[in-house]
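Hello,

Here is the structure for your files. My notes follow below it.

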Amino acid sequence: REQLRAWPVEQIGFALSSLVERDDIVERLGEIQAPLLVMHGSEDRSYPPSYGRQISDAVPNSAGFVLVDGGAHFLSATDPGPVNDALKQFIPAQAV
């Protein structure tokens, strides 16, 4: 969480504006063919965990849904341990 707090204010504004101004792609999730692992924080104040589960369920090649207990919205910045643990399992499983 300290990493996120160390971001310059203008960087946070840029990140947030990209979230607010993006297109809604929920209707197109079934088109995604790439392997996908959805990670969601249980304390995400932007979207409830059910939203992450909806994404995971809608993508045909989803490798699953990981709920990070106590995690916030920017998991890679706020909770890198659980994110890295999940990725260490996900990435090798995708090797062909």
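**What was found**

Among contacts in the protein chain (heavy atoms within 4.5 Å) between residues at least 6 apart in sequence, 72% join residues at least 24 apart. This is a predicted model: local features need pLDDT of at least 70, side-chain atom pairs count only at pLDDT 80 or more, and totals for chains, interfaces and linings use all residues. Residues are numbered from 1 along each chain as its sequence is written, and side-chain values use heavy atoms, without hydrogens and water.

The protein chain has 5 helices and 2 strands. These are DSSP runs, numbered from the N terminus: helices are H or I with at least four residues, strands E with at least two. Their order along the sequence is α-α-β-α-β-α-α.

Of the 96 residues in the protein chain, 23% are buried (under 20% relative accessible area; exposed is over 50%, partly exposed in between; 1.4 Å probe, protein chains only).

Helix α5 covers residues 80–94. Its 15 residues reach 21 Å from first C-alpha to last, close to the 21 Å expected at 1.5 Å a residue (1.5 Å times one less than the number of residues). Val83, Ala86 and Phe90 are its buried residues. Their cover includes β1 (36–41), β2 (62–68) and α4 (75–78).

There is 1 aromatic pair. Tyr47 and Tyr51 are stacked, 4.9 Å centre to centre with 15° between the planes. (Rings of Phe, Tyr and Trp, its six-membered ring, pair if their centres lie within 6.5 Å; planes under 30 degrees apart are stacked, over 60 edge-to-face, the rest tilted.) Tyr47 is partly exposed at 27% relative accessibility. Tyr51 is partly exposed at 26%.

Best wishes
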